[in-house]
Amino acid sequence: MNRKTFLLLFLIGIVAFSCGRKEEQKSTKTIGVSLLTRAHVFYKDLEEGLRTEAAKDGYELIVTAGEFDLGKQSAQIEDFITRKVDAIIVCPVDSRGIGPAIRKANEAKIPVFTADIASQEGDVVCHVASDNVAGGRLAGEYLAKLLNGKGNVAIIDQPTVTSVLDRVQGFKEAIAKFPDIKIVADVNGEGVRDRAMQAASDVLQAHPDLQGIFGINDDSALGSLDAVQQFHREGVNIIGYDAIPPAADAIMKGTALKADVIQYPKKIGETTVAKIKEYFSGTSLPKVVPVEVGIVDKEALQKTAAK
Amino acid sequence: MQREVAATRDFSRRSLTRLLRDYGIAIALLVEIILFAQFSPYFLTAENLVNITLQVSITAIIAVGMTFVILTAGIDLSVGALVALSGVIATSFLKSVGSFPVALMIAMLGGLGVGALAGFIAGVFITRFNITPFIVTLAIMTISRGIAFMYTDGRPIWDLPPEFAFLGSGRVAGIPIPTLAMMFVYGIAYVVLNQTRFGRYVYAVGGNKEAARLSGINTNSVILWVYVISGVLAALSGILLSSRMNSGQPNAGVMYELDVIAAVVVGGTSLFGGRGSIIGTFLGAMLIGILRNGLNLVNVNSYVQMVVLGVVILLAVMLDQLKKRS
Amino acid sequence: MSPLLHMHSIRKQYPGVLALSDVNFELRSGEVHCLLGENGAGKSTLMKILSGALKKDGGSILVEGKEVAITSPHDAQALGIGMIYQDFKLVPDLTVAENILLGREPQKGNSPFIDYKRMRETARETLSLLGEEIPVMARVRKLSVAQRQLVEIAKALSNKARILAMDEPSAALTEKELKNLFAVIRRLKTEGVGIIYVSHRLEEIFEIGDRITILRDGNVVHSCAVSEVDRRSLVRWMVGRELEHEYPKTNLQRGEEILRVENLCAGMLRGIHLTLYRSEILGLAGLVGAGRSELARVLFGADPFQSGKIFLEGKEIQPRSPREAIDLGIGLLTEDRNQYGLIMHMSVRENVTLSNLRDVMNGWVLNRVQENRVVRKYAGELRIKTPTVEQDVENLSGGNRQKVVLARWLFTRSKLLIFDEPTSGIDVGVKYEIYQLINQLAKDGLGVIVISSDLPELLGISDRIAVMHEGTLKEIFSRAEATQEKVMTLATGGIAEVESAA
């Protein structure tokens, strides 16, 4: 048998096999999920929220994760389309790059929902995410209160990420209400602790009178804390975002990290499935559904710990 | 008369190009320092100079290993990932084995050992199976990063014994320990490259591998060793960095390989191997480190910073080409 | 009528060497103009300037009376200048047709797709012009050297070449293949193509040439019709002096056995038997690819051997790497010293001590003072011309580079030295020095093996001559027995006529 014949038979085999699969009967609603990653606590909590809500209605969930690989995530979505799921939830690896995969789902008339991270292309029924603007605003208000409405502050930024741009926008809105607070620096810490530490070190050198830092996520806030501690700077207050365990610990210990904005990933998960249920029942949905965020400081954390 | 004037002008232009050619990077560094000193009153403060050497030390130490590798006409893309892997391995050992002084020893050995092992594996694949360094170290990079994430489940390792922070944050005679470590590594590397047989072999292998072999040099062993050195130095940086952050971060060191390669190349080491110097690498690392620091100090927009960094790398490499053409 | 090509007052300066000074060269349509000269005389440089591979430093080039600027190979091609190099510039994994039309693939109308049918036809037509049957769909990798050469010629012709330069076209051809090549050349002449034939094989010149130009040390020493010269005067013009003085030779009493090779089989080498004595120079003759360099590499530990025995000073050895061979006292001066001998951008000092750094160490660190002393000593003894020992070897001339390699092997205290083409690319004057050095080595009691394709040279300097053919050692002649004819016959696969039956 030569190569060409073999290839032909192989292809016929595949087609026959997939035809056979079509016969499958569906009893309950199935939802395909492609998370950004499963290595992060945030997404673990989000997944838990999805599962809790889905269990209530007996939906079947197929949970996968793109693990920062666009190709992998696109393949996962195509797989969902082939399996004819009833809805798809995706946390895009790349807001633009995921467009073609979403459009394929659109063509197959499968509704697509995004959670946490939005897509810039394709038809998405509804995007469910933390209200990042509100989170930034909370951080700004809390910092202003700590500084008694006066002082110089800096942002350890990551301006290549959309959700971060929202956080910073909210932070700036809040600070704008206090004319005596000046944002003296806005530097890129790339959202990771080592780079944030270096950026914050530079900012501390340039501004000996700095009193506040907003870290756009906890790695940025903790990196800032490392810098503040290494240069023994007093009187700098840091606000972080997400309240991951080391950040919560730093707040509890009374370090320069004073408070953290917290998201409720579980709630995002629950809300997303709840919105899908509404969609199935024919309710029309808004394009964006913000999920509330909160802020925690030492006091709040001690209360939770006491429980 | 006229001719004389023209001749002087010609002469001064020629001496200027020669000056640029021979001391290009040192001059660029000087210009950079003068410029930033003009724009920021805080740039030349003692504390900021400490800050700069502290920041540069991490990439500069890795750049030493990268210089060895690039001198043999190789490349090591795995260093950034090894910073993360050695950091999380060392910090996890620190937490799990025994009391402090012993635990620190074991943690250091563990971290450095992982770096050495990764370098050894890369070296074996490159020499025994004859696969290009680019591909081998690319694979080692993703494998190491993957293991770092698997090992930590994607979370940082924290809550470390406070004594550990001394390694990254402590000072001896006012000089931070990472800075001292950097000076030590450069001193050793200078001697090794210029005064030992191994150093001579590194240049020879990079200059012409087959001729080196026919001159009686065990080229495979030289190549294997440079990757081990690169791995160990990346690991050393990883340990120092995690001490500064008082935690092991699986996402640390992302894209460090590019910063480090840029420093080495800006420092005048040829990617084709055989040419370059450890002093050049130091100047290259300083040039890039000071650029990042200075641009942050004068609060240049981070998008603009990326463009400036790229332009500076291009200019520096162009200068180097000028040097070779003459 | 103006000639097809006129190169006028061409000058080319390399660091330290004037490669061409005011060279004039003229080529008419339909003639074969032979360019003669020893290695390093400037033939290749002139051809590289014509083909745009090198930039000239002075002079002008006229094609059909019009001055042209050739700054790249592309320019040369556009002017109808085709080059056939010794190492062919073909892509081995493409087919014959693809190679012939490389860069000028016929397209289907205006589409970006290649019209393979038309490509095959064009290639076939061009090849038939040469009277040759080569399958156009065969991969070049599978062709013989002679076939590849014809593909190169076809490639140049399909590019409308009117000027065809051939660099040592006969180097790797058999007698029969050479006859065929000459037939092709005669056919091209009738088409009006002008051919520049670069060679140093005199026989060929008398057979195919119309005119000759002889270069020596970058100057034209003579230019005339072939019919006006004889062999003897040609040689005199080429080397610049009478042949007798070309090779210094001191007769030495040979010493004890230093090397014995018994029934050695390795790669292409089959059953080699060989003995070499101290103070003896053994010449290895044979065509390119006969296995001479391969034998040298095996003795030097650079390649493994499958069976047989090697004895050095009576003790059996099995060198598994160059390092082991060097430690045993064997040194190899490789054929292509730029590629395999030297680290070009390392200094003279570093190149000399590279194989024996051990002897200039002070514990763990190098002793620069001692290293400098050693290198200066050898630079003086071998008369290496360099401003300082810190000069990069790439700035040295071929002869001085060779001396640097020799210094290296002297510093490792070699007992057995193998020279592979020791004088290729070296100026005539320096050649003489190299011969003297080789003699001196023998006088000092070393065993010396010399591989050379320059037969007069080999006959001139060796005590005995071993002839190789296709991996076997055919015969070893004493200096007295050996003649060019006998050696050449054996080297080309013929059988030696046993004259002295006694």
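Predicted model: local features only at pLDDT ≥ 70, side-chain atom pairs only at ≥ 80, totals over all residues.
Me: What makes the pair of B:D153 and A:K44 a salt bridge?
Reply: The side chains of B:D153 and A:K44 meet at 3.1 Å, N to O. The rule asks for a side-chain nitrogen of Lys or Arg within 4 Å of a carboxyl oxygen of Asp or Glu, so the pair qualifies. The pair crosses between chains, from the loop between α5 and α6 (165-169) of chain B to helix α2 (residues 41-57) of chain A.

Me: Why is B:D153 called partly exposed, and why is A:K44 given that label?
Reply: The relative accessible area of B:D153 is 34%, and A:K44 stands at 29%. Buried means under 20% and exposed means over 50%. Both values lie in between, and therefore both residues count as partly exposed.

Me: How is the interface of chain B and chain A described in area and in residues?
Reply: The area buried between chain B and chain A is about 3,000 Å², and carbon and sulfur atoms give 48% of it. In chain B, the residues that lose the most area to chain A are B:W158, B:R244 and B:N296, together 19% of what that side buries. The contact takes 35 residues from chain B and 32 residues from chain A. Across this interface the rule finds three salt bridges, and 18 residue pairs are in polar contact. On the side of chain B that touches chain A, α2(B) gives the largest share, five residues.

Me: What is known of the contact between chain C and chain B?
Reply: Here 31 residues come from chain C and 22 residues from chain B. The buried area is about 2,100 Å², of which carbon and sulfur atoms give 54%. C:H345, C:L354 and C:L366 supply 24% of the area that chain C buries against chain B, more than any other three residues. There are four salt bridges between these chains and 10 residue pairs in polar contact. On the side of chain C that touches chain B, α11(C) gives the most, with four residues.

Me: How do you know that C:E394 and B:R275 form a salt bridge?
Reply: Their closest N and O atoms are 3.6 Å apart. The limit is 4 Å, and the distance is therefore within the rule.

Me: Why can C:E168 and C:K43 be said to tie together parts of chain C?
Reply: The two residues form a salt bridge, with the closest N and O atoms 3.9 Å apart. C:E168 lies in the loop between β7 (163-167) and α6 (175-190), and C:K43 lies in helix α1 (residues 43-50), so the pair ties together parts that are 125 residues apart in sequence. Both C:E168 and C:K43 are buried.

Me: Which residues are linked in a network of salt bridges?
Reply: The network links B:R200, C:R349, C:E350, C:R368, C:E371 and C:E390. Over all chains, the structure holds 54 salt bridges.

Notes:
Residues numbered from 1 in each chain as written. Chains lettered and ligands numbered in written order. Heavy atoms only, no water. Contact = heavy atoms within 4.5 Å. Buried area = accessible area lost by both parts, 1.4 Å probe. Polar contact = N/O pair within 3.5 Å; in protein donor to acceptor, adjacent residues only side chain to side chain. Helix = DSSP H or I, 4+ residues; strand = E, 2+ residues; numbered from the N terminus. Buried < 20%, exposed > 50% of the residue type's maximum accessible area, 1.4 Å probe, protein only.
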